[in-house]
Structures are given as C-alpha cells and as structure tokens.
Amino acid sequence: MINARHFFTTGLMLLMLLLSSFVNADLTIRITKGNDQAIPVAIVPFMWQGKGSLSEDVASLISANLSRTGLFRALPREDLVSLPTKAEEVVYRDWRLLKVNYLVVGSIEALEDGNLRIKYQLFEVNQQKSLLSESVVASQDNLRNRAHFISDRIYERLTGQKGIFSTRIAYITTQQKGKTMDYTYRLHVADADGQESRTILTSKQPLLSPSWSPDAKKLAYVSFETGRQAIFVQELATGKRYQLTNFKGLNGSPAWSPDGKKIAMTLSRDGNAEVYIYHLDDRRLTRVTHHYAIDTEPSWSPDGKSLIFTSGRSGGPQVYQIDLASGEEKRLSFEGNYNARPRYSPNGREVFMVHRGSGGGLFSIAALNMGTGRTRILSTSPLDESPSVAPNGAMIIYALMIGEKGVLGVVSTDGRIQYELPAASGNVREPAWSPYLN
Amino acid sequence: MELMKHSKVFALAAVFALVAGCGGDANTQEEVADEITEEVVAEEVHSSDEALAEGMSDAEDQVDAVTDTVLPAINTIYFDFDKSNIRSEFYDVLNGHAAYLMANPSATVKLEGHTDERGTPEYNLALGERRGNSVQRYLSLQGVDASQLEVVSYGEERPAVRGQSSEAYSKNRRVEFNY
C-alpha cells in the first residue's frame with residue numbers, strides 16, 4: 001500500500017503513494033520535505049484472524065500516520081525481517097540490527113457479533129520493554145478510524161503529546177467551467193490525512209473562512225449565496241444550517257471562541273471593516289475595534305481573554321492584539337510589510353500568520369514568537385495563505401498555489417517536514433484544522 | 001477650462017480618499033506595492049491637502065456641468081496593490097456614471113469591489129469593500145443618491161483574469177459597475 005523507500009533519505013519530493021481510494025474527491029498526500037533525523041520504527045502487518053479480507057490495512061495506516069509527523073519513519077514493509085504478531089514472537093535482536101527504535105505488532109480477530117477486536121503492542125527495542133499493550137473493538141466500517149485512534153495512542157505514548165490522526169480538516173474547493181464565470185464552490189470535511197472527504201455544502205457563489213466550533217460539531221463559514229456576504233452555521237452530524245448574520249456590508253472571518261459561546265467576526269455595518277463579537281446565547285453584538293483602517297481576521301487567544309487580528313492601520317496589513325477586558329491594543333508584528341490572518345499556537349507562545357518580507361516577494365507562512373517578536377518562516381512557495389494550526393500545535397495546514405492550481409500544504413511547526421494534499425480536480429483553499437474530536 | 005474643471009475634481013476626490021483613511025495607505029513607510037503608478041498617486045494625495053477647504057462648494061457645480069446621460073461604456077476602474085484610492089485617470093469614467101445615475105434616479109448599481117489573489121482572502125474582502133466604498137463616496141459627492149448605490153466586495157474570489165503576472169493582477173484589482 002505504501003511505497004516509502006526513499007522517503008527519508010533525501011528529504012525531497014514525492015515519497016509516499018497511498019493507494020488511490022475509491023472516493024475521488026479525496027486529497028492525495030505528496031511529501032515535499034522529509035526529516036533525516038526521523039526515528040526509525042517498524043509497524044508489522046497486523047495478523048488477520050478471520051474470513052475474507054479487511055477493508056483497511058491497519059498497520060499501513062499507522063505507518064503512514066507516524067511518518068507524516070516527520071518525527072518517525074516507518075520501515076518499508078519489504079525491509080521487515082520477521083512478522084511477529086504478539087510479544088512472544090518478538091526477537092529484539094532482529095530489530096536492533098535494523099536500527100529500529102520502536103516496534104508495533106498486532107492482530108485483528110473477528111468477534112461473534114460481527115465486530116473486530118484489534119490487539120496491539122508497542123515495544124522499545126533497545127530496552128526490550130513493552131510500552132503499550134491495548135485492544136480496541138472496531139467494525140469493518142470504522143476500521144480506518146480505529147487505525148487513526150491506535151496511531152494517536154502510539155504517538156502520545158512516544159512523544160507525550162496528543163496525536164492528531166483522528167482530527168479532521170475542513171476546506172473549500174472551487175471549480176470553474178472553462179473560462180466562464182460559472183463557478184462551483186464546495187465545503188468539504190475530510191480526515192486529517194485528506195481521505196474520507198465528504199461535501200457538506202455546494203454553492204454557485206463563493207464560500208470561505210470555515211471555522212470549527214470547539215466541540216468540532218459545527219462549522220461557521222462565509223457564504224455569498226444571498227448575493228452578498230453572510231455568516232452561516234452548520235451542524236455536521238445533521239447538515240442543519242442557519243444564517244447567523246445579515247448585516248449590510250462585510251460579514252466575514254468567523255472565529256469561534258474557546259468556550260464556544262461567542263463568534264468573533266468582521267462586519268462593516270458601522271461603515272468600515274471592524275472586529276465584533278457575536279454572543280450566541282443572547283445574540284448580542286459587541287464592537288471590539290474602532291479604527292478607520294481595515295480591522296479583520298480575528299482569532300482568539302487560547303485563554304479567550306484577547307483577540308489577535310489583522311489591521312491596515314500602519315499603512316499595510318500587520319498583526320495586532322486587543323485585550324478584551326481593558327480594550328488595550330498592541331502591535332505584534334514588525335518584520336516584513338505584510339503580516340495577516342494570525343492564528344495562535346495552542347500554547348499561546350507563537351502566532352502563525354501570512355508573512356511577506358520587507359523586500360516584497362513571497363507570501364509565506366511564518367511563526368511569530370510572542371516572547372522575542374522574531375519571525376520564523378515555515379513555508380516557501382510564492383502564494384501561501386490561510387494557516388490553520390492542528391490542536392496539538394505540531395502541524396499547520398495552509399493553502400498554496402502550484403502554478404494556477406490551489407492545493408493544501410502541511411508543514412510541521414518546527415519546519416522539519418512538509419507535504420501537500422492536492423485534490424484530483426479544482427482548486428483547494430481555506431483549510432481549517434478541527435479541534436480534537438473527543 | 002476643461003482641464004481646470006478636471007483638476008478640481010481630481011483634487012476633491014483625492015481629498016475624500018484621504019479623509020476616508022485611504023491616505024494612510026499612501027503615507028506608509030511600509031510600501032508594499034510593486035506598481036510604479038502608485039508613487040504618482042501617493043504624491044497626488046499629498047499635494048491635495050490644501051484643496052480641502054475650497055473643495056466642498058465646488059462639487060455641485062462640477063456635476064451640473066456634466067450633461068451626458070447615456071450609460072457609460074466603461075464600467076470597470078482599477079486600483080494599485082493594497083490601495084483603495086481612486087486613480088486620477090478614472091475620474092472621467094466615474095463622472096460619467098455619476099451623470100447617468102443622477103439623470104436616471106430610478107437606476108441602481110452594484111459596485112463590486114475586487115482584489116488580486118495575493119494576500120489573505122478575508123483581508124482582501126475588506127480591501128475590495130474599501131475600493132467599492134471609495135467609488136461610492138466619490139459618486140455621492142457628485143450628488144448621486146445613496147439609495148442608488150450598493151457596495152459588494154468579492155475580494156479575490158472572482159478574478160477577471162487568470163494568471164500570476166503583474167498584468168493579470170492589475171486587471172483584477174478593480175471595481176465593476178453592475179447595473
């Protein structure tokens with residue numbers, strides 16, 4: 001299922017080919033930058049003790065997940081010297097010779113009720129120690145989700161950080177009929193690996209700025225379906241949606257507060273783009289910014305006490321912070337002549353944003369250190385935008401252009417690994433990484 | 001004479017751009033634009049400061065002088081990168097629309113603001129609106145009734161031209177009159 005032979009040696013180009021799935025709208029992963037220092041792991045194929053074949057190769061999914069973090073590199077299957085499926089079959093010496101640090105073995109059995117039980121175990125090879133031994137119940141239908149869950153468990157055991165393999169991404173695709181003005185916009189939700197995508201809304205008018213509710217059950221987004229901008233909220237499980245705002249002018253940049261009770265947004269109802277907070281319980285609207293320049297793209301601090309936003313008040317877009325209790329404003333970004341659409345890292349130490357240096361040139365994704373004020377550039381294609389941070393802070397998904405085609409890119413926040421998620425057709429933009437689903 | 005008339009209109013529009021806060025864009029030390037024309041526009045805005053005092057009363061006269069009531073052929077005007085001030089070369093186009101709208105009080109127009117694809121989508125929506133607002137303010141100043149005008153911004157969502165050349169970009173930074 002995976003051909004990852006050259007994945008970690010050169011650190012460049014196309015390494016992993018996930019077998020094309022039957023869902024065409026899925027995004028296919030293309031690794032563009034690998035990590036030479038990734039820790040070698042071996043994920044042995046899980047033994048299937050049942051009739052017929054399984055819909056998913058669980059070990060292969062775990063390998064792909066761990067490799068995609070850049071922290072680990074899963075040994076290609078053909079390099080595995082033996083195929084143990086439980087602790088008693090593990091010969092540590094074999095794996096030491098392969099210079100593997102960690103080993104995962106497992107088996108899947110069919111239960112009488114038709115469900116499946118996956119048993120898996122994680123070993124530290126040099127210390128010859130079991131780090132994790134668990135079993136989970138799955139069905140043929142959710143085998144993929146279970147593989148992501150197991151990946152999360154292994155990742156957390158090894159790094160101390162929660163995994164993001166069970167999270168989702170929302171994004172917009174645009175298709176244009178020839179060179180006509182006939183566009184089709186779609187809002188999709190897919191697994192974090194770009195697979196299992198489903199369309200949750202289709203429109204002939206622009207869709208943008210999807211924002212997850214903190215419980216990951218709803219999306220707020222901007223739709224032009226009424227002929228002008230409006231913010232809508234849609235429940236993912238039921239598809240039920242309603243129009244949240246219908247103000248004159250801009251109705252944009254929805255950003256759900258960490259407590260889920262408010263949505264920060266941009267409105268120009270008072271004549272100019274300003275940041276507001278919409279209180280979902282009593283539909284109260286509080287105005288946050290007051291400046292004749294553009295103020296937009298608000299994002300909440302992890303503690304919900306302040307907002308960061310883009311403002312044109314210095315003459316070009318720069319990132320500012322406003323304390324919601326005191327109203328005190330502070331400019332955060334100083335390096336470069338275009339800094340916009342800021343998003344906090346979950347620990348609040350960095351702000352990820354679209355950045356262009358003083359000399360002009362590329363629009364990159366950059367990390368702004370809140371302590372030092374220094375800017376660190378993470379992506380290097382010409383037109384990168386819309387950074388969205390994974391809930392564990394390890395990865396950022398963003399939009400980039402390859403030629404005239406929009407694709408999604410992912411870069412680790414340490415900059416060590418980068419991959420792309422191109423769609424089969426159309427432009428992909430405006431990604432939003434979901435919070436944890438559980 | 002003709003020239004004089006125009007220069008007053010130019011100055012007045014520039015003042016309004018300045019009052020609306022677009023002057024801040026032109027004033028910045030962090031110039032982001034890559035268009036040569038922008039420097040010229042910035043200078044015009046600066047030099048128009050003294051016109052502020054005399055501007056208002058003259059505006060009515062200017063508009064009265066225009067008698068053309070045919071729907072103008074040109075319905076798109078263009079902007080510099082990250083800017084929303086109206087370039088002087090488009091005052092004639094706008095005056096034509098103003099005359100038409102005043103002669104036809106029942107006509108309404110959507111002013112659709114657009115940007116090029118560079119920069120962030122939401123900032124560009126705000127920038128597109130700002131461009132629409134600049135046109136709206138200019139037209140109102142000429143005497144067009146506010147109820148005839150509506151600004152809708154599409155930001156970078158609806159480019160007129162595909163491609164990543166500076167020429168394509170310059171054609172996408174625009175306000176379209178949609179009657």
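1. Two domains in chain A. Chain A splits into domain 1 (30–159) and domain 2 (168–433), with bounds that come from an automatic or database domain assignment. Their centres, taken over C-alpha atoms, are separated by 35 Å. Keep in mind that this is a predicted model, where local features need pLDDT of at least 70 and side-chain atom pairs count only at pLDDT 80 or more, while totals for chains, interfaces and linings use all residues. On bookkeeping, residues are numbered from 1 along each chain as its sequence is written, and chains are lettered from A and ligands numbered from 1 in the order in which they are written.

2. Where the domains touch. How many residues of domain 1 of chain A are in contact with domain 2 of chain A? There are 13, and they meet 11 residues of domain 2; contact here means C-beta atoms, placed from the backbone, that lie within 7 Å. On the domain 1 side, strand S1 (30–33), H1 and H3 of chain A are the elements that give two or more residues. S1(A) has the largest share of that side, with 4 residues. By class, the domain 1 side has 2 nonpolar, 7 polar and 4 charged residues. For the classes, Ala, Val, Leu, Ile, Met, Phe, Trp, Tyr, Cys and Pro count as nonpolar, Asp, Glu, Lys and Arg as charged, and the others, Gly among them, as polar. Helices (H or I, at least four residues) and strands (E, at least two) are DSSP runs, numbered from the N terminus.

3. S1 meets the end of the chain A strand list. S1(A) pairs with S30(A) in the antiparallel sense over 3 bridges, where pairing needs at least two bridges found by DSSP between the strands. One such bridge has A:Lys33 with A:Gln418 of S30(A) as its partner. S29 (residues 405–412) of chain A also pairs with S30(A), again antiparallel, over 4 bridges, and there A:Val410 has A:Tyr419 as its bridge partner. The hairpin of S29(A) and S30(A) has 5 residues between the strands, and in it A:Gly415 takes a positive phi near 75°.

4. S30 is covered on both faces. In S30(A) (residues 418–421), A:Gln418 and A:Glu420 sit on one side, A:Tyr419 and A:Leu421 on the other, and all are buried. Buried means that 20 or more other C-beta atoms lie within 10 Å of the residue's own; 12 or fewer makes it exposed, and anything in between partly exposed, with C-beta atoms placed from the backbone.

5. Helix H3. H3(A) covers residues 143–159, with 17 residues, and spans 24 Å from its first C-alpha to its last, close to the 24 Å expected; that expectation is 1.5 Å times one less than the number of residues.

6. The record for the N-terminal part. UniProt, in an unreviewed entry, places "domain: TolB N-terminal" at residues 27–131 of chain A; such annotations may be inferred rather than shown by experiment. That span is 16% helix and 34% strand, and its end C-alpha atoms lie 33 Å apart.

7. Two non-glycine residues with positive phi. A:Lys99 has phi near 60° and is found in the loop between helix H2 (92–97) and S5 of chain A. A:Lys99 is exposed, with 10 other C-beta atoms within 10 Å. A:Arg283 has phi near 55°, in the loop between strands S17 (274–279) and S18 (284–287) of chain A. A:Arg283 is exposed too, with 9 other C-beta atoms within 10 Å.

8. The interface with chain B. Here 33 residues of chain A are in contact with 29 residues of chain B. On the chain A side, the elements giving two or more residues are strands S11 (207–212), S15 (251–256), S19 (295–300), S23 (338–344) and S27 (385–389). S23(A) gives the most, with 3 residues. By class, that side has 13 nonpolar, 14 polar and 6 charged residues.

9. Chain B itself. Chain B has 7 helices and 4 strands, in the order α-α-α-α-β-α-β-α-β-α-β along the sequence. Of its 179 residues, 46% are buried. Among its contacts between residues at least 6 apart in sequence, 81% join residues at least 24 apart.

How values were computed
Two residues are in contact if their C-beta atoms, placed from the backbone, lie within 7 Å.
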